[in-house]
Each structure stands twice: as C-alpha cells, then as structure tokens.
Amino acid sequence: MGFGAGFRSRIVDVEPTLEGAFAEAYRRGWTDGLPIVPPTVERVTTMVAAAGREPDEIVAKVPPAFGAATVEKIAINAVMAGCLPEYMSVLIAAVEAMCEPRFNLDGVQSTTNPVGVALLVNGPIRKQLDINCERNCMGQGWRANGTLGRAIRLIMLNVGGGKPGTGDKAIHGFPGKYSFCFGEMEEANPWEPLHVERGFKKEDSTVTVSGVQGTSNVLTAQWFDIYDMLDLIADAMSYLGGNNMGLGQGEPLVVLAPGHADLARAAGLSKNDVKKYLFEKAGQPVDRMPRRFAGPRLLPGLTVVNGIIKPCRRWEDVMVVVAGGPEPYHATFLPTFGDTWSVTTKVKLP
C-alpha cells in the first residue's frame, strides 16, 4: 500500500497478499473490522481519475478531528471499501453534505448514541450505479449500497477520527454504522421524490445524509385501511426513549413501501397529508415522561402540543420516502439523532 508521484499519502510496505494488507491496516486502526481491498497506486489512480478532480483538492474537513477529505483520501477509502470508480461522484457529494454545519457530524461522530450516517440516493444516478431501491434495499446483496455506505464510514474513521472508544463514544452502536445506503423507489412513488420536494429537478441526482439510530419494522400486513397503517407507524414514532421524543426535534424518517403510497393516493392523500397525519397521531401524554432525577431538566426541551409530547417540532419535519418491495406489508421507521438535520446535495458528475 502506498503512493508515488502526484499523491501525498505516505507509503506503507506490507506483505503482498490480501491477508497481509488487511492485517497491517487492521493493526493500524484503518479498517471497520472487515477485510479491505488494498489501496495500491494503480487502484487509487483509477479512482481519482474517475472523479475528474485533482488529488489534493479538499472536499471538506471531517469532524471531530477535522482531517482534510481530499479527493485522494476519499479515493483511498473508496478502494478499501470495495467501491467502483464510478461511485466517486456520489461519495464526494455525500462527504460535502455530511460536513455541512447543520448536519452536526461532530455530534454524530462523538455521541454515546448509536447514530450512523444513512445515505439516501435520488435521481438517475440510482439506475446508473445499480443502487437498490426495491426489495431488501437496506439489506445485503448490492455492491453499490454496501460499499458506498462503507466508504463513508471509513472516511469518518480515517479522516474524521471517529475511532471506537476514542472519537466514537457509542455505548452499543448498531450494524448500520458499518454501512447504510439505499435509494428511493421513484418509479413507484405517486408523489414528488425527496430531492424534488427539496427543490432539485427530477433529472438531478442527489444524495441525502441523515443521522439515524437504527431501523424499526412496522408490521402493517394485517390491516387493509391506510389510516390504520398510518396509526401503527405513528405509534412506532412515539417511543419515549427515542432521541426525537426526548429532544423534541429532528426529522423522523418514515420509509413507506410502494403499496402504502398507492393506498394513500387512492384515499386522496398527498405526501404532506401523510406527514400531517403522522405528526397529529404520533406522541405520548406528557405525564408519561419520567420526571425523577433528569426529568425536570429535560422537560423544557420537549415539543409538547396540547399535552402530547411530539417526536419533532412540526409536521414539515417528518421525512417520508418510498422504497422497498411493492407490498404494503411492512413500513420502516428510522429514528434520528435529534441533534442533527439532514442535508441533500447534488451529485456533480465529471
């Protein structure tokens, strides 16, 4: 592993095998615990070339160490994660987005919460890179989903200093901290996709970063009315131990299956109608919040509407996207950090 003319990263001599490269990278704390693709000169050169930018161009400074995420550094971590060169534009956009101040990556990296960075991809780039937007879109089996999310984690680790136990103080963490990336199923979405809702053109490709704390399945298969299904989703958004409820802010993220969206459309509901309904139904009576010890200190920070604690400040803060398999059997609720706001950035192709 190492680089020659045109690169600034130091050269590290290792045993010329996959096992040797992994062992040395692991010893130095450069990996997420999984085997890596050795970032050789040839591989990194190809990755940088695909970005169409100079290797030493700084894309962003990554908290909490505020290391410089140059195109070269992004390329190195992309190679290690197993990315293809054509993924570089999405990675660069994601790094730009997660380093925006409103995203609060410093907090995301160093909190005791099990928060990770989820990437949500919109636009034509989804199909060009074969990003899974359909069945099992948050699971295994897709190179683009798996390696894009993993590259972001490695950049947070190696450039941002988010090492477990020192930079990363998570009590337990969750598997999404290895990799979390999926696409919105725009072709089966009767409403505006997320990036259009946020002011981009439909033909634009974008990546949205969101600080999420896991996934919660909502079983809706046994109900036939969309309002009953939305009631169940609202209930899932309302557990008192979630950061959204406890901090009274953030953007709870709801992922509906295409079948839910079809039922909602058939009932005459727009996406905003769904958001308003979920906000209205979500929450817990304020007297259910524990009040001993830390309770009195926390209570002023809650969002309380008519005696009900809400998971966000207003209905507009509820995020609703459409992805996954077609049947309205399961929805997914992604609670968010509550101290960060999602950022959507346009993917700029070279």
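**View 1. A right-handed crossing between helices α9 and α12**. In this predicted model, the two helices cross in the right-handed sense. Helix α9 covers residues 226–236 and helix α12 covers residues 271–281; they pack at an angle of about 55°, with 9 Å between their axes. Angles from 65 to 115 degrees would count as roughly perpendicular and those under 35 as roughly parallel, so α9 and α12 end up oblique to each other.

**View 2. Who touches whom where α9 meets α12**. On the α9 side you'll find Y227, L230, D231, I233 and A234. Their partners in α12 are V274, Y277, L278 and K281. Sort the contact by class and you get seven nonpolar residues, two charged ones and no polar ones.

**View 3. Strand β5, buried from end to end**. Seven of the seven residues in β5 (residues 206–212) are buried, so the strand is largely enclosed by the rest of the structure. In a regular strand, side chains alternate between the two faces of the sheet. Here both faces are covered: one side has T206, T208, S210 and V212, and the other has V207, V209 and G211, all of them buried.

**View 4. The strands that pair with β5**. Strand β3 (residues 116–122) pairs with β5 in the antiparallel sense, over seven bridges. Strand β13 (residues 343–346) also runs antiparallel to β5, joined to it by four bridges. T208 makes a handy landmark for this view: L120 stands opposite T208, and T208 also stands opposite T344 in β13.

Definitions and conventions: Residues numbered from 1 in each chain as written. Predicted model: local features only at pLDDT ≥ 70, side-chain atom pairs only at ≥ 80, totals over all residues. Heavy atoms only, no water. Axes fitted to C-alpha atoms, helices over the stretch in contact; angles between N-to-C directions. Parallel < 35°, antiparallel > 145°, perpendicular 65-115°, else oblique. Left-handed = near helix turned anticlockwise from the far one by under 90°. Contact = heavy atoms within 4.5 Å. Nonpolar A, V, L, I, M, F, W, Y, C, P; charged D, E, K, R; others polar. Buried < 20%, exposed > 50% of the residue type's maximum accessible area, 1.4 Å probe, protein only. Pairing = 2+ DSSP bridges.
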